[in-house]
Structure formats: C-alpha cells, structure tokens
Amino acid sequence: MQEYMCNRGYQTLINVAVLSGIGDGLYNIVFVIYAGSLSFSTLAVSLASMATLVPSLLSMLTGYFADQSRHKVRAILVTRNLQFVLFLILAFLITLPRNIWLFFLLLSINIVSDTLGTYGNGLALPLLRHLLPENKLKQSMGFMVAMTLMAQVVFQGIGSVIIVMLHHNYMVVGLINALTFLLSSLLVKYRFGVLCVAEPQMVERKQVSMIRSLGLTLRYLYRNNFLFSVIILTFFINVFGASMSGLINVTLLSVKTMWLVNYGISVAIMNMMISIGMITGSLVTNGIVRKLPLMYLFAISLSFSGLCGISFIWHESAYLSIVLLFVMGYFIGKINPRISAIVLQSIPEKRLAAVDGLLNMVSMLGAPAGQLLFLGIANVVGIAYSWFAFSIGCFFLIVIIVLKFIKMDEPMF
C-alpha cells in the first residue's frame, strides 16, 4: 500500500489494471447472463466460458510483440483506445435481434479486446521491473493482483444486479465497459511522462524472428528446472481449474436447488467467491501459509478443487460450495504473485514478456482440453458425471505432485 501511495508510475499501472478489471467484471458476468437467455443457452454459456481462455493461448504471440515494441507506453495508450472503440461497436451490435451469428460476432469482439489486453499486460512488465525495488516486488505484485481481482469481484456483483435494474439493457453495460477503457487511456496519457521515465532503453540489435524467439525462450525455460516444472504442473492444473467457471455456469442452469435468488446472481456469487479468496490470499502476507513451498500450495489448492467437485455432485448446499470455492481461491491467491515475482526477478529483461507469455500460453493449453472434456461430458452425458471425472482427476494430480515435485528447491529472493 505504501508503494502504491508514493510511487506514481506503479500507482498509474495499478489504476489502469483496476479500470480494466471493472470493465471485465461487468461485461463477463453480463455476457454469461446474455448467453443464458438465448435459445441455445447451454452451448452459448459453454462457449462464452471457453472464450476467456483464447487470449492466454495467444500470450506467447502477444508477449513476443510486446518485447519487440520500442515505445511501450505509447503502445499501451493505443491498445486501450482500440479496446474503447471495440466495445463502442459491441454496445450497438448487442441491441440487434438475437441469433447465433450475432452471438459469435459479439464473442469475437470480446476475444480481440481481451487479446489486446494481454498484449498491454506484457508491455507493462518491464515498466514494473524498473518502477519497483526488488525487495518489494512480491508484495507489490500481490497488491496489484488483489486490487485488479477486487475490481472484477465487486463489479461482477454489481453487473448481475444492474442488468436486472436496467431490464436487461445490454447496450448500457457495453457503453460502461467502453468508458472504463477510455478512462484508462486518459490516465496513461496524463501520466505519460512518468511512465516513459521507467521505459527501458531499447538497444539496437538484430530483429529476432518469432520462431527463433520461441526457440530461445523454450531453451531458457528448459534450463530453469523450477520454472519448467511449474509450467508442466500449471498445464495439468489448468485442465481442471479453467473448467470450473464453465462447469459452475452450466450446473446452475439446471440445478435450481443451488440458486441464490436467481441464475444471474448465483453465477456471480459462485464465481466471485473464487476471486474473493484470491484477493484475500494475495493481500494477507503474514502467517504460516506464506512460508509453505509453492508445490505444497499447488497440492492444497487442488485438494479443495476436488472437494468443490464433490459438493456440486451432491448439490444440496450452495453454502458449502461457496466456502470451498473461497478456500481454493485463497491458496491460488498465494500462488500467482509468487510465480510473477520469480519470473520478474529471474528472467532477462529483453525476454521478459516472451517468457511470461510462454509460461501463460503453455500452462493454459490445458484449459481448452479441460473445457472440451468436462463441458463435453456435461453436455453429452450429464453434469454429475463431469464433476465426478473432475474430482478424480484433481486427486490423481495431487498424488503426482507428492511423488514427483514436492521436494523441489524453490528460488528464494
């Protein structure tokens, strides 16, 4: 918090991320509600959930271009302006008569905007490295993650309420989201000089092709035994973790015993509890959990994921599921800032966005496989069978972690 109050550049990047989180929180929940209102609701909700993974799968590509961008602050400004224009277009398109082709067009606009956001995040990484002292990097990254998630959580809840108050006027929500990107653009412009001071100087060097850059990045990570193991684990963990939101959304379509007021509010609360747990985990920096090795945190978060699956099979207590989702999110909130700090402190600056993008991309490659597997089972066989396979897989992966990875030495900074 002290770094946020005193460091104007860091403060600006957090405020920009928070504004983006507000827009994402509002639009993502409202778009799921919109998808749930269509005649092909199960397919639409499944696709809306899966689409959020696409930007992560493209993060190696966006990371490469972020590393190659010479004027990073200016590129951030352009990116936010493009997102503003995209959501202006979306706000007017969403008022048209609903059909499957319009749904795919709206989905595509959201994917493009989120991919631009991923590119913008890659541009900000070198700035953060120059703006933050090394001894405060882990806490500062945790605070940044927590503030962004907090904005998403609060406005997920607001979105589920406001869309009812607006009588499902999706155009207004689209315009609000466009406004958040416009405000973030104005903020970057206002602090343009402060951010440019932190911009790393690009030395003249031969342009590296994307294929060669990918090869160099893979070779670098392969030599870093710990980060390479983290990538392997996050790949398999995301087979399960990235499926949870979609499974919850589809489950609540048919299991009304777990509704809290209505479908929209139930979806918002269930998904919010994961984020609230992550916020709490990111902000609470003291205690025994802080000292646990990263591999232990992986195993513990997976155990609560498996228990969540069992609670949805039982589907008699929404409150039990809410508690389990919160605890799972708490341990994920401990994991993400630690990985971010390790990447920022141990990766060469000229390859920072590419390595971060590759880590995100490879780890998220498991997500579409998990989505297709578990949402496919839910749509073809039944949701209970999907949750059963989900829980068994979580507990099996815990056994693998205990046998293979639990004793690995973690880099300490």
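Of the 413 residues of the protein, 55% count as buried (under 20% relative accessible area with a 1.4 Å probe and protein chains only; exposed is over 50%, partly exposed in between). This is a predicted model, in which local features need pLDDT of at least 70 and side-chain atom pairs count only at pLDDT 80 or more, while totals for chains, interfaces and linings use all residues. Residues are numbered from 1 along each chain as its sequence is written, and side-chain values use heavy atoms, with hydrogens and water left out.

**Overall makeup**

- The secondary structure comes to 19 helices and 0 strands (DSSP runs numbered from the N terminus: H or I of at least four residues for helices, E of at least two for strands).
- Among contacts between residues at least 6 apart in sequence, 85% join residues at least 24 apart (contact means heavy atoms within 4.5 Å).

**Nonpolar cores**

- The largest nonpolar core has 88 residues, and Tyr-34, Phe-103, Met-270, Phe-298 and Leu-325 touch the most other members (a core is a set of buried Ala, Val, Leu, Ile, Met, Phe, Trp, Tyr and Cys residues joined through side-chain atoms within 4.5 Å).
- Helix H16 (residues 318-346) gives the most to this core, with 11 residues.
- A second, separate core of 25 residues includes Tyr-10, Val-16, Leu-19 and Leu-131.
- Beyond its neighbours within four places in sequence, Phe-298 is in contact with Val-230, Leu-233, Thr-234, Ile-237, Ile-335, Ile-339 and Ile-401.

**Helices H12 and H15**

- The axes of H12 (residues 225-241) and H15 (residues 294-314) come within 12 Å and cross at roughly 5° (axes are lines fitted to C-alpha atoms over the stretch in contact, with angles from 0 to 180 degrees between N-to-C directions).
- H12 is therefore roughly parallel to H15 (under 35 degrees is roughly parallel, over 145 roughly antiparallel, 65 to 115 roughly perpendicular, the rest oblique).
- H12 contributes Phe-226, Ser-229, Val-230, Leu-233, Thr-234 and Ile-237 to the contact, and H15 contributes Leu-294, Met-295, Phe-298 and Leu-302.
- These residues divide into 8 nonpolar, 2 polar and no charged (Ala, Val, Leu, Ile, Met, Phe, Trp, Tyr, Cys and Pro count as nonpolar, Asp, Glu, Lys and Arg as charged, the others, Gly among them, as polar).

**Helices H18 and H19**

- The axes of H18 (residues 366-380) and H19 (residues 383-405) come within 6 Å and cross at roughly 150°, so the two helices are roughly antiparallel to each other.
- Phe-374, Leu-375, Ile-377 and Ala-378 of H18 meet Ile-383, Tyr-385, Ser-386, Ala-389 and Phe-390 of H19.
- By class, this contact has 8 nonpolar, 1 polar and no charged residues.

**Buried sites**

- Helix H13 (residues 244-254) is mostly covered, with 8 of its 11 residues buried; among them are Met-244, Leu-247, Asn-249 and Thr-251.
- Ala-91 lies in helix H6 (residues 72-93) and counts as buried at 0% relative accessibility.
- Ala-91 and Val-173 are 82 residues apart in sequence and 7.5 Å apart in space, C-alpha to C-alpha.
- Not counting residues up to four places away in sequence, Ala-91 touches Met-171, Gly-174 and Leu-175.
- Ser-311, in helix H15, is buried with a relative accessible area of 2%.
- Ser-311 and Ser-321 are 10 residues apart in sequence and 5.8 Å apart in space, C-alpha to C-alpha.
- Ser-311 touches Leu-320, Ser-321 and Leu-324, residues up to four places away in sequence not being counted.
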